[in-house]
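Hello,

Here is the structure I promised to pass on. My notes on it follow below.

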Amino acid sequence: MAQNRNYSSRFEEIFSSSDLVCSGPPTVYQLRTKKQKIGSLTSVTVGEKQETKPNKTILLVGEAGTGKSTLVNALFNYAVGVKFEDEIWFQVVDENKESRDTGSQTSDVIVYQIFGFENQTLPFSLTIIDTPGYGDTQDVEHNIRINQKLMELFQSADGIQEVHTVGLVMKDRKNPVNDRLKYIYDFIKSQFGKDVEKNIVALMTNSQGNPPKNVLQALEAANIKCAKNEKKQPVHSQFDNRQDEERTEDTEVPLENAWRVTERGMKRFTAFLENSPPLQQKVVMEVEKERIRLTACIQNLQERIRFTELNLRDVERTQEALCINKQKMKRSKNFNVLIPETYKGMEPLRDETCGSDTAVICLGCKENCHYPGCTKALNAQQCEVMINGKCTSCTNKCPASEHVKKNWQFVIRTQMVERNKEALKQQYKQKQEAGEKKVKLSERLEKEKTKLRAEKRQLVNEAYRHSIKLSVLVKNDDSIDDSISNYVILDFLIKKMKGQGDEEKLQELEEIYNQMDQATRTSQKHRMAITSSNQEALISESVQIHEGPPAVYQVIPKKEMMGTLSRLTVGEEDEMKTNKTILLVGETGTGKSTLINALFNFAVGVKFEDNVWFQIVEEDKKNYQTESQTSDVIVYQIFGFEGQTLPFSLTIIDTPGYGSTRGIEEDNSVSRRLLDLFRSEDGVHQINAVGLVMKASDNRLSDRLRYIFDSVTSLFGNDLERNIVTLITHSDGKTPENVLQALEAADIKCSKDEMNQPVHFMFNNQQRQQRYTEKDINASKYSWDFTNEEMGHLRDFLKNTKPQPLKTTVEVLNERIRLTACIQNLKERIELNEQKQNEIKQIKEAYNKHEAEMKKNKNFTIDVDEPYKETETIRGGKWGLVFLEGAVTCNICKENCHYPGCTMARKPAHCNVMKWGRCTICTNKCPETVHVKENWKYVTKTRKVPKTLNDVKAKYEKNKAECEKKSTLLENLEKETSKLTTERWTLLDEAYSCVTRLEDIALNINSASTFVHLDFLIVKIKEKGEQKKVEVLEKLKNRMNEGLKPPKK
């Protein structure tokens, strides 16, 4: 193609101050610019400013990667009059270098000033403010720093005093508007007021020049208000970013078309710019200062509230430790309890390279008085929180002279300490008047709790007053409508005020929050550094157990008891938000505890780059390989992080490793504990997913795994099948074909995907591994990304799967408990029955042998084995005055109605074997009121008892007339035997009915607790001669025998 080298003389001056980058065509030159500082910002100047010439200022904002830096170069070339035919291109911004050095075209706010080219194509000089891409690597703090830099630029005496046009830079594509762009728009409006709408235009890059209908509709739908053209559409210009691409015969025509698109866009944009009135940020300066002061005070109060809450937690944990170790502390005065201790430390700010991103702190109160947000003040005395030489933020409102502005801050941290009773007395020492009675440590701790609760209430009320002032400020000044300062603490404050009894204040705050439209609420996720602030709160209340990277923190959740079960909670529940529940079950050693920690980190939004890892389950305990990390059913609740990576809060039920070395008895106990959880009033009442945890290395369904699955699925009703999924740990990311085939071969009932395969999710358990070398980092990054992606799939499954209420499950488990109790009771009654029959047999034999002697001698006796009952003490823990492992017994029937297994009921009326106020187990189905729950049970024994003929007759004959007949006595003995036999058959029929009922309603009846009674039932029903029932039970036994083989050790 022909080369045009007839450059106009108007470019000679530019050539002299440029360096050749590429010979082209087009020939590319990099300008040598003049750089200087405006405060901590950089100004890049081309040419010399002439005060008599007009100047127009453009503020370019947009997401990373939309082409703002390329647009700056295009504006310069248009301003100096470069045309397509000139075959040259000038760069003010070295796009290639910036991209290589930072990964983003612009890494800081930069002011480009273009002077000396007036009247080439524009009648004015240009000032272009280029901002870093909002949303870089989803770093919210990065976005906040951009805003702070812009505020500094607008407020500086030698900064920018007015802006003529704000260009929202976006790619010309189907859906260019997202929450980050709305966040940018909200910030600009907060700085310049509602009038800024008349100066905002949409600048669309990577455009082919077609009518941008989708973009304009998206702007309207997002309620982003821009200047309007004569068609009442948002003013917009389109650009193609390919002007500097090398031209060949194949590309010349499309590149010329691209140039024309950009040229047309430039004409439209600069025509708008010429007629735009200037916006002056300084008109809202005083209002903005008040907003800053109020925001800083609220941020300070938020930290003080958290510090008070953690001190309260420390006292409560101290009380728990003293209670648990009461006897040990009595035996030894030097016995130490391990308790958390909250303290304040100092840490450098995350970005020390930015001189403006510093904190104003009070050395007296040890508090952060203004951070983040103090970007303008050169020292603490000039900070906005200072009025009349005193701080308006810190606790004691200290003089400004006691404050400093540094690039470090005070942080709240937790450590574990050992304290004996004497040390705790000194720690919580209280003033006493002379002669006053000494206060016990327990009383001191209660007083300290009362004091801390009152202090927290006072701080919350103070934060409420500031928040109301802030809302009034916003309401009365449209220029800061929907400002970040009005909402930065609303969520936090509303949660803290709930339960305080201040319903009127709470309602007022909720009304302020509800006045935000949905789009504005969504943008709050990006306005506030939610992720970092939540992480900081977690770090402050956790104990660091490894320096890292990643730094590992052991979370100290709030512990509560649901009856006898533990519930560990992080965060505060919002009843208006959705909760999802997942039950984790699996073989010992599969990594359920590690998986829970991974779920927790995913839920709170931890990213690989954060270099932190939180443990809600302690994984560092030293256990043998076959010993389960979890020894009881534990419920974990994760609240307050909705909107990070999960749109819901999360409840995780962790179970001990089924099939552990503790054996079948332990697995039965787990089933009973799950029933306790499902039945408890404040327990779990619906399940979203049951996660069967397996190792990726399992290439077959071992006896132990089959044992686990059958034990688990027998807990639930048929309708839960579609909620059961497989969670595969220690995975390398490859499709676990062997595992899936093993599940299918074993006919494991679970949810299926579109390929009719078991729904499964894979995880790598290496996220917390230390990252010392580049190799470590690369391996950890792969593990992290892979696991996070699978976590996202699991999140979608939970989100889209209908929860299953546990009514049917509770019915199944209740039925099992009644069945087990019935069979146990049946065994004991049959033993008594057989012993009674043996007594009758002995009497008959003795009577036939000694009939004459007994008639001649009324005192003649025979020895018989007489059955009787007595009570026997059993082992069992106690909860208050209730025996947890106690036996429910009937005082009338003298029988054990529920033992073992009655762990949840505080009294017989609450026991599972009671229905409609009567017992379903004992012989006479007696009222619950004649039952007791104690730490003893009935046992049947026999004793040798001498009996005379009169004794026998009195026991077995109905009247004196019958006493004269030998046949009457023997007949009565036969009748008694027949009665006992009939009673036994009735009880066996009842037990059989329970088994068949359980099979009807259960997803899988293969349960160890059922299996151990089948042999007994089969033998007894064989004696009865009901072969069909025997066959049913034997088939069930054979099926269960395959699934419930004892796990190999």
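Helix α7 gives the largest share of the lining of the largest cavity: four residues. Two elements give two or more residues to it: α2 (68–80) and α7 (252–275). By class, the lining has six nonpolar, three polar and one charged residues. (Ala, Val, Leu, Ile, Met, Phe, Trp, Tyr, Cys and Pro count as nonpolar, Asp, Glu, Lys and Arg as charged, the others, Gly among them, as polar.)

The volume of this cavity is about 90 Å³. The structure holds 11 cavities of 30 Å³ or more. (A cavity is a set of points on a 1 Å grid over the protein atoms alone where a 1.4 Å probe fits but cannot get out; lining residues have an atom within 4 Å of a point. Volume is the space filled by probe spheres set on the points, which are joined across faces, edges and corners.)

The model is predicted: local features need pLDDT of at least 70, side-chain atom pairs 80 or more, while totals for chains, interfaces and linings use all residues. Numbering runs from 1 along each chain as its sequence is written, and side-chain values use heavy atoms, without hydrogens and water.

Now Gln30. This residue sits in strand β2 (residues 27–31). Gln30 is buried, at 13% relative accessible area (buried is under 20%, exposed over 50%, partly exposed in between, with a 1.4 Å probe and protein chains only).

Best wishes

Terms used. On a 1 Å grid over the protein atoms alone, a cavity is a set of points where a 1.4 Å probe fits but cannot get out, and a pocket is an open set with protein on both sides within 12 Å along at least five of seven lines; lining residues have an atom within 4 Å of a point.
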